[in-house]
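Dear colleague,

I am passing on the structure below, and I would be grateful if you could read it alongside the notes that come after it.

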Amino acid sequence: MFSRLPSIQTNMVLASVALIIMTSIMMSVTSFYLTKDSVNSTAQTYTTELVKQVNNNIKSYINGMKYMSDLVAGNYAVQAYLSSASFNSLKEEKDYKEAISEMLGAMLVSRTDISSANIFGYGGQFVSGRKELELNPNVDITSMNWYRNAKSMGGQSVISSSHVQPIFKDRYPWVVSLSRELVSKEGNKKLGVFLVDLNFSVMNDMFKDIRLGQRGYLFIIDSDGKIVYHPQQQLIYSNLKTEMIDKVLEVRNGTFISSQGSESRMYTVQDSEFGWKIVGVSYVSELAENQNNVLLSIIVLGIICIIIGIMISLFLSQRVSQPIKRLQGYMKEVEKGNFDIHVPGHKTVEIQRLARAFNMMVGKIKELMQQTVLDQEQKRKSEIIALQAQINPHFLYNTLDSIVWMAESNKSREVVLMTSALAKLFRSSISKGEELVAIKTEIEHITNYLMIQKMRYKNKLDYHIEISEAIQEYRIIKIIIQPLIENAIYHGIKMKQGPGFIRVACEETDTDIILIVEDNGNGMDEEKLKSLHLPASVTEGGRGVGVRNVQERLKLYYGAQYGLTYHSVLGVGTTVYIRIPKIRQVLEDERHGRNS
Amino acid sequence: MAGIHKWVTTAVALLLIAVAVFVYGHNGLSSKQKIEVTVILKTIDTSVEFWQVLIDGVHEAAQEFNVNVQVWGTKSETDVDEQIALVEKAIQNRPDAIVLAATDYERLVPVAEKIKKSGIKLIIVDSGINSDSADSIVTTDNVSAGREAGEAMKSLIKDQAKIAIISYVKSAASHIDREKGVHEVLEDHPGIEMLGTYNGEGSEQNSYLLAMEMLQEHNDVFGIIGLNEPTTVGAGRAIQELGLKGKVQLIGFDSSFNEIKLLDEGVMNATVLQRPFQMGYLSIKTAMEVVKGKKAAKLIDTGSLLITKQNMYEEENQKLLFPFVGNE
């Protein structure tokens, strides 16, 4: 019924969901960026390590070749063979050649990685470590790059790029050549060129299987930017692919990323000692793919967290709001009029207190309701008693007896007076059946009553009624004063020697009216006075019944602070004060309610 | 109260659906999209360098484009029936694409059309078929290659010249095209006389015998153009044996150990090389593009290159002429 207002549960769920989503998103974003960085740096570290490893492997091959060249360059037989312009005999020349060939051959034993080791003298000499090799007559050795480079470097080792070595007949192997000019020990004579060829297949096999991620690869260029190894060499030559060789040549060691959009590549360059550059190439998109995987799992985890969070918050809010809802259910029951309800205890302090207070409240309401029902019952009873009291058969009998006596004495004027007073008395009490009447009416009522009694008691009774005009129109419950007067006559004046006097007067405060019935009769002792305050049911019928009834009706109708108070002195008289609130007009609905 | 329950349930359901879609979508991207390609070549005989290099290119591309590749082939280039059987078997496996180097211009047409009917993409590599069913053809432009050979010959001619052509298989598309290219350059040229096309009938020995016969018949032959490797080597042998090195010019096609030797020795003046690595690489690249629904060129020319004794050891030509580093 309060559909516009959000419930506690909604508020709690919304608040916690907002909190959870915010936290999840913040955590996800943070961890994504952290992971992204770590993925990138891991890839970079891995590539760098790999490239270094490859570099070390290559270096060990190259160093092996260099070592061979050192041995050959310092070898006595080589020096002697190449520096001699002429030999004493052909046999001597052949022996030298044989010795050098043996030495070179010994170097190549168990070295399948070395294709050949050869010496080319400037005097046309040729010695090879592999005796089966014959020179290719169609190739001019001096035109070969490795030969020319060695010559120009003067005793320094020169490492070639990978190339086909065509100098031997019927052989076209792919090799990496180390060549070095041989110089006489004195350093003044250039003797020839030493060449050692490394089977490139050794390196090729090593590089071929290196993959950086799914698509990444490794390539090697020499100091001139010529490709030593590239898995897609042919594609580069035919321009199907481009490699950033210029940029690689600029970088000594380190990493850079080419900007080609989705085909961006990360180059990790390692400079080797002998002039080659080993380059690891990874595709940035692949790293990004890893990042996407990370992103995906983070998002999935995030969403799962949010779902769990929502469920927990739902559960918690339900735990909080459910007892409240249960209380609400009990209240609905009470609303429907079922007061026989007891809210059971609850585990939480707040709800426990709430339940206890609720139980107490319902109990109180139930009590009050019962009280009201009781009061109503009492009221009806009192009214009936009042009516009964009024048509007291003794009073009626005595009055009618008096009328008979008067009629027999031919006091017809008195008979008329008394009979009409009796008639008026009854008419005023029966009249409309209203509970509240004007004070004026009540006064009229007692005037008639006193008139009848006066005629009966003659000089024994005198009375005086002093009611100011100001209060005449205020309302009072009917038949309140008459029982008090009756009481004053029968229990006060009648018991007394000599004439009695009854005075009816009134006082007025801001809110209340006090009616006073005063007699100079017998009065009451303390005990008697006390017994008047007891409820009607406790005392036996007859004496004081009317007065107590009056008291009860006043209290029921107006409340506890209203009612009768007595002032009495034995032998002097009794004064009764009737305190009622100033009520000018009976409210229409109230009257209606009471009449029904 | 019921409202909040409904709201939360809906939210949770939506989130779960989002997760499911996300995960499924991602898996779909990463695993499902791995394209399957079956490559059926003329031969997988490891002694035939051309196909081995082409397979290298295939594997290189497969690696790069994340394609699953199976390479099949017959034992010999002439086994047409077995190749047809292989294609049938490939269709059964239902790959995304089939790359085919046809052993026969006519006889593979029905099975090629069956490939298309099965919804499999067809890429023709190197040797075509007499049908328009392929999604793309990756090959050397043989007319242009023939022209290149013709131009090489023409550049050697000073005034008068008699030129002979030796072809391998009369009905092979590549040879018809190459011959056409040579003719385009040399025909109708004053001073050049075409001695006609000799059919080597599929063997080096035949080509050798043909060349011997022809050289003995015409003692003033200026040049011979061999339209493929065996014909060139056969003609080269004939020239060598007759001691006509330097007198009779030889222009060949393709590369082999024997051809390199002929080039080295100066018997052969030049050879026109195709690019098998590119063919293999581009056939897979194209297959991938076609499967992904991209528009691929109907004909992809991988180009040809003229190699002479002068440029044979140049860095860029070595890799073409001597494709394998392991071989000695």
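The notes that follow go from the contact between the chains to the cores, the helix packing and a few single residues.

This is a predicted model, in which local features need pLDDT of at least 70 and side-chain atom pairs count only at pLDDT 80 or more, while totals for chains, interfaces and linings use all residues. Residues are numbered from 1 along each chain as its sequence is written, and chains are lettered from A and ligands numbered from 1 in the order in which they are written.

Between the chains, 35 residues of chain A are in contact with 35 residues of chain B, two residues being in contact if their C-beta atoms, placed from the backbone, lie within 7 Å. On the chain A side, the elements that give two or more residues are helix 1 (8–73), strand 3 (157–164), helix 5 (200–208), helix 6 (233–237) and helix 8 (284–336) of chain A; here helices (H or I, at least four residues) and strands (E, at least two) are DSSP runs, numbered from the N terminus. Helix 8 of chain A provides the largest share of that side, eight residues. By type, the side of chain A that touches chain B has 19 nonpolar, 13 polar and three charged residues, where Ala, Val, Leu, Ile, Met, Phe, Trp, Tyr, Cys and Pro count as nonpolar, Asp, Glu, Lys and Arg as charged, and the others, Gly among them, as polar.

Helix 1 and helix 8 of chain A also pack against one another: their axes come within 8 Å and cross at roughly 160°, with axes taken as lines fitted to C-alpha atoms, for helices over the stretch in contact, and angles running from 0 to 180 degrees between N-to-C directions. That makes helix 1 of chain A roughly antiparallel to helix 8 of chain A, a term used for angles over 145 degrees. The residues of this contact divide into 21 nonpolar, 15 polar and one charged.

The largest nonpolar core has 106 residues, and those with the most contacts inside it are Phe219(A), Ala149(B), Ile166(B), Ile224(B) and Ile225(B). Such a core is a set of buried Ala, Val, Leu, Ile, Met, Phe, Trp, Tyr and Cys residues joined through C-beta atoms within 7 Å, and a residue is buried if 20 or more other C-beta atoms lie within 10 Å of its own, exposed if 12 or fewer, and partly exposed in between. Helix 1 of chain A gives the most to this core, with eight residues. Leaving aside residues up to four places away in sequence, Phe219(A) touches Ile227(A), Tyr229(A), His230(A), Glu243(A), Val279(A) and Val281(A). A second, separate core of 50 residues includes Leu54(B), Ala101(B), Ile284(B) and Ala287(B).

In chain B, which has eleven helices and twelve strands, 50% of the 328 residues count as buried. Helix 2 (residues 49–65) and helix 10 (residues 276–291) of chain B pack at an angle of about 40°, with their axes 6 Å apart, and their contact divides into 14 nonpolar, four polar and three charged residues.

Two residues of chain B may deserve a look for their backbone. Arg94(B), not a glycine, has a positive phi of about 50°; this residue lies in the loop between helix 3 (80–93) and strand 3 (97–100) of chain B and is exposed, with 11 other C-beta atoms within 10 Å. Asp126(B), likewise not a glycine, has a positive phi near 65° and is found in the loop between strand 4 (121–125) and strand 5 (136–139) of chain B, but Asp126(B) is buried, with 25 other C-beta atoms within 10 Å.

With best regards

Methods: Parallel < 35°, antiparallel > 145°, perpendicular 65-115°, else oblique.
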